[in-house]
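Q: I would like to learn how to read a model like this one, feature by feature. Where do we start?

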Amino acid sequence: MTISTLTKAGRRAAIIFLKHHGDIIDCKDDLIVSREDDTLVFSAVRTRRDRFVDSDNVSRKRMERFACDYLADHDTCDIPIRFDVISIKVLGADKCMVRRHVGAFAVPEKTFDVTKRSKLEDLLEELEENGDIAEGIAELILQTV
């Protein structure tokens with residue numbers, strides 16, 4: 001099995017695995033977006049012949065960039081997100097073992113609050129219309145502290 005064949009086989013195995021736990025939404029190379037109940041899950045897939053890959057060998061920045069791009073391109077708001085790492089160890093021509101690290105990158109809940117910006121913009125527009133912009137900004141500052 002070549003490296004690209006191995007990678008493709010691992011991605012297929014991860015998709016099959018994830019379909020048992022939720023709905024697959026999108027795939028880009030070795031990154032998969034799925035939905036489990038009320039959570040949007042961004043998973044990185046790593047496939048090896050000889051070992052499992054630890055989550056610290058996966059680029060957090062790359063996953064966060066993928067998540068930000070996905071969220072910017074889709075109308076997805078007010079939904080919790082999670083980052084998982086799916087490590088696949090090939091055992092034979094038609095066998096593999098799947099290890100899933102749920103919540104591989106602990107993210108504070110408010111870090112990716114997609115609605116925060118639009119709520120602030122709505123509030124600022126409302127304040128501008130009423131002429132109460134200074135009072136509104138002071139209120140926003142107090143809310144964020």
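Q: In β4, which residue is the bridge partner of Arg-46?

A: Strands are DSSP runs of E with at least two residues, helices are runs of H or I with at least four, and both are numbered from the N terminus. Two strands pair if DSSP finds at least two bridges between them. Here the partner of Arg-46 in β4 is Ser-87. The model is predicted, so local features need pLDDT of at least 70 and side-chain atom pairs count only at pLDDT 80 or more, while totals for chains, interfaces and linings use all residues. Residues are numbered from 1 along each chain as its sequence is written, and side-chain values use heavy atoms, with hydrogens and water left out.

Q: Which elements does the protein chain contain, and in what order do they run?

A: The chain has four helices and five strands. Read from the N terminus, the order is α-β-β-β-α-β-β-α-α.

Q: How do the strands pair, and in which sense, parallel or antiparallel?

A: Take the pairs one by one. Strand β1 (residues 23-28) is joined to β2 by five bridges and runs antiparallel to it; within this pair, Ile-24 faces Ser-34 in β2. Between β2 and β3 there are six bridges, again with an antiparallel run, and Leu-31 is set opposite Ala-44 in β3. β3 and β4 run parallel, with nine bridges. β4 then pairs with strand β5 (residues 95-101) in the antiparallel sense over seven bridges, where Val-90 has Cys-96 as its partner in β5.

Q: What is found in the turns of the hairpins?

A: The hairpin of β1 and β2 has two residues between its strands, and Asp-29 there takes a positive phi near 55°. The hairpin of β2 and β3 also has two residues between the strands, with Asp-37 in the turn at a positive phi of about 50°. β4 and β5 form a hairpin as well, with two residues between them.

Q: How much of the chain is buried, and which strands are mostly covered?

A: A residue is buried under 20% relative accessible area, exposed over 50% and partly exposed in between (1.4 Å probe, protein chains only). By that rule, 33% of the 145 residues of the protein chain are buried. In strand β2 (residues 31-36), five of the six residues are buried, so the rest of the structure largely encloses this strand. In β4, nine of the 12 residues are buried. The accessible area of the protein chain, from the Shrake-Rupley method with a 1.4 Å probe, is about 9600 Å², and carbon and sulfur atoms supply 50% of it.

Q: What surrounds Ser-87?

A: A contact means heavy atoms within 4.5 Å. Ser-87 sits in strand β4 (residues 81-92) and is buried, at a relative accessible area of 1%. Residues up to four places away in sequence aside, Ser-87 touches Arg-46, Phe-52, Val-53, Met-97, Val-98 and Arg-99. A polar atom of the Ser-87 side chain lies 2.6 Å from the backbone nitrogen of Val-53.

Q: Is Asp-23 buried or exposed, and which residues is Asp-23 in contact with?

A: Asp-23, in strand β1, counts as exposed at 52% relative accessibility. Beyond its neighbours within four places in sequence, Asp-23 is in contact with Val-33, Ser-34 and Arg-35.

Q: How many disulfides does a search of the whole structure find?

A: A disulfide is a pair of cysteine sulfur atoms within 2.5 Å. The search finds zero. Cys-27 is partly exposed at 32% relative accessibility, and Cys-68 is partly exposed at 40%.

Notes:
Polar contact = N/O pair within 3.5 Å; in protein donor to acceptor, adjacent residues only side chain to side chain.
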